[in-house]
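Please load the model in your viewer and keep the sequence panel open beside it. The tour moves from one selection to the next and says what is found at each stop.

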Amino acid sequence: MLPLLRRKSCTAPALLLALAALFFYRTSTVERPQVRDAQRGQRNKSVMDRRHGVLPLEPEQLHSLLEVYRSKRNCARKAIVLTGQHLASSTEVQLYQRVLREEGYRVDQGRYAKTNSGVRHDGRDDQELSVLICLKGSEKSCLRKMNFAHPQPYQRVNIIPAFVGAFLDMGGVCRFLTDSRLAGVSLPIIPSACAFSRQGTEEIEDWNLLTQPSSLASHGLVAVVNVYVLVTSATPLTAFLHQTGLVKTHLDKNSYATKLLEFFSEKLGHTQGLKAFELMKQVISELLTAAVLTTASSSSPRCPLCFQLMTFTFHYNASVRPVVIKIQTDLHFDSMKNPNLEGQVTKEYVLEDMLRLLFPECRSYDEGPRSTWDATKVKYNGCEWLNGLCLSPEEMHLLLQFHQQLKTSDNFHLLHPRSSHFSDLPHDLIQRFPVAKDDGTGQSLSVVLEQLSLYYTERNRADSSDDPASLRHNKSHSDTSDSDRCVDPHLRQLYTDPPLVLSPAFNPWVKEYRADVLFDTVTIWIRPEPKSAQCHIHLDEHRGPRMANYPVGLGNSRINILVVDESGAEPVVMTIYTLHIFRESRPSLPMFDEYVMCGFVQDCGLMVRPDLPCGLEPIAGPKSSGKPQSTAQPCSSGDETGRWVVPCLSCSDNRTCDWREVTWQPDSCYHPVLEQPLLQTCMMDKKVLFIGDSTNRGIMYYLMERVNTTLEDWDKAHDTIVYHNLNQGRTLISYSYYPQFWLHKSQRPTFQRALQQLLERSRPLENSPQTVLVVGGVQWLSLDHLKTIQKVLEREKLQNIMVVVKSLGMGFHLPVDGIRSLSLSGVQELYGINKKILESAVRLGYEVIDTFSITMGRYKEFLQGRCACHFHEVRRSLTPTVPANRRLQIVRSAGESVSGTSTQLASAQQQELWSQPSSSYHVKGAVNKVYSEILLSRLCVPYAHNGTKRQH
């Protein structure tokens, strides 16, 4: 069988020529076999010289030679991403694909190593595999392949087999800690740090056990800190620490992401903060060194360029010296408030930084120095001579990789190799492991790596010590302005919770997307991330939130994502992305011959009435119909108790129901549904006045469509509006929006003023039931409003008109940003308030409609709107409109009359609205239809026994 991950070695000729020239200059002799033998004999001495700081080849010269090699590297590369448990559409999979392609890789995708032809290397293409990424769920498959066919020296896999074994849980103890050679070594780690079961309550126990905030918090840092470590090679060990970590002090409820050095400096001051940061790095270095040494002689497959991201969890107990309480061989963000969104965003920033560090962009596509390299091996007897060190191609690649990482580690801090004045433990550990003291080239390479890291550390320290004042002086005002501008107004990624499958797949250059969600998905967290930190994100409007939890109504919802430049005096919208979300209706099966009728009062997901059962229950009566028995009479009020009834194959499984046939059924009566001719007769010479919010407006438009056959005008009116000529000019409808919550409290019209204004706009009014006042909304109505209605009507001598009180309804029960949100106890309290309103309205002689009980059981079936309170939606209809002579005449609050047939319009906006004679609308919403029909049945009680349907 062919090897798992095979690639032929290639090293650039430029470096070898430069090395040869340098070597010739230093020796001024022709290379002879005996010279090479002498140099080999001096290898150990060379290593010892370097231990004492003697490096015949200066670091600057080494740096220059490595730069020459880097510019000639081969770029024809192939990568495979194994998704495992991830969907192909997940943002993490997209991240790997995007970054690797940007860095010049050809990226293929699979699920597991055993089923992927590229990993099996069946020779279907000419490119050999360079990078294998094994995501969550595919690791075991990758490890099995790596154990069976070892990776080649130039191939990279995101798993270090030896580390996976070292940090296994062995009966509650980390495996590497069980090595007898570590006996007596004091490592700052609890033995059970590798236990995978240490989650949830056990983490809380750790916190309570190790932390005593009352006595220690005033004396030092008390916190749990998660840090993210990237091991770029195990042998020799090279590792980096990401600048971002998760921190949680004794004052925090959840962990949050922050820059580690800034966190320590803020909590401990600059000097002590820097010391704590360095000590933390030292502890990680010690533990990694111990793990590497204990697995050096293991049978794990050798993978020189394999890398691994790890999570170290530290506990600080009023000391700058931490204790490691957990080590995980992957990234974890579970302690954040929203790990599925905020945690995923933070994780992907760390992953992208890792990919940029490990896989720098290729700018050259030469064929590679294979022929020159082969000649060199002959010339130098299989060695590449670098100042007295015989480096194999594998070691040369490690050196070049480390050199490149030191150059580009902007968001990473070097962990190992590094010198430290805090501890000599790494050197003590090496003395305990004979394999580490062997005089092979690996140790020679380690010395070169240490010298190279020291060179970059000193250079970075010198750069950071430049005078900050001079830097500020050299920065002009125009530079500052340019740096604040949004010059790349695109999104980096669109994060959602739950994750959405976008169509098309996300691409920063594509501006419009669609996603479908299931019925039970009622909210979606949305967090867009810009490419540039100078660009600001707002949802829906230029002052909208940066991220938000959106309610998702049934059917289509639309969310606009604005990328804004806020560097100027006024914000400028640079780019708009649009996300269309379609939420499916409740899953339904067609009605079968054999079925049972099931009823429900409330959903088990929101127990508004704990005294009543939830969910579907079998109801007594004929199987063939949910209709009341023939002896039932029309209901005498609009608040008769009832339940929702639906045919199902089984009441124990709501997925077996035909939800298209669900109906509202009062317990002992029925609400008549009038045929349209009878309804039109009933509504003749009536004036119906609506005052309330958008839920009342939905009832109004349903009434208009029922009476007039079609709805030719629709408007989200937030003022007072009057519709004339309804029902062939024999019915008038008027509406006033209340409360105007968007105004400051001092500027909002009172309910009394809004009611009086509506009465004035609707005059002349008859003091009889031919005048109807419909009052209500979602949750603003109170007993005081009922008293105000009585007072105003008596003063206006309209005490004999018909008043219909639409009670409270479900809404504001979802945790949505920017608006109030009710808890379960708040919703339960609202039910009690609703009951008192109904009782008081009945005592005053008013008609009532109990919309709370109707919406309670179907609270998930809301339509568009952030309040999750709208159970209606007005959509453009495909049916033709009524003739011109039957179109409505509309009078708005300003007194302006607008006719559908008029050519004299007041504005271009109205011209556009009314110049389309083919426009008509339809009011959708099964729940809104139920309580709207109850309203019509109460308006037309005298007609209830003639020309009506018994059930709707």
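Is Ser138 buried or exposed? Select Ser138 and you will find a buried residue with a relative accessible area of 0%, where buried means under 20% relative accessible area, exposed over 50%, and partly exposed in between, with a 1.4 Å probe and protein chains only. Ser138 sits in the loop between β3 (129-134) and α7 (139-148); helices (H or I, at least four residues) and strands (E, at least two) are DSSP runs, numbered from the N terminus. If neighbours within four places in sequence are set aside, Ser138 is in contact with Leu82, Gly84, Arg111 and Tyr112, contact meaning heavy atoms within 4.5 Å.

Before going on, note that this is a predicted model, in which local features need pLDDT of at least 70 and side-chain atom pairs count only at pLDDT 80 or more, while totals for chains, interfaces and linings use all residues. Residues are numbered from 1 along each chain as its sequence is written, and side-chain values use heavy atoms, with hydrogens and water left out.

Now zoom out to the whole chain, which has 28 helices and 38 strands, and in which buried residues make up 51% of the 952 residues.

Next, select residues 512-517, which are β15, and 536-539, which are β17: these are the edge strands, each pairing on one side only, of an open four-strand sheet with the order β15-β20-β19-β17 and mixed pairing. Two strands pair if DSSP finds at least two bridges between them.

Strand β16 (residues 523-530) runs antiparallel to β18 and is joined to it by four bridges, with Ala548 as the bridge partner of Ile526.

For the last stop, select the open sheet of four strands in the order β22-β21-β24-β25, in which the pairing is antiparallel. Because β22 (617-618) and β25 (663-666) stand at the edges with a single partner strand each, one side of each is left without a neighbour in the sheet. Within this sheet, five bridges join β21 (residues 596-600) to β24 (residues 642-648), and the bridge partner of Cys598 in β24 is Val646.
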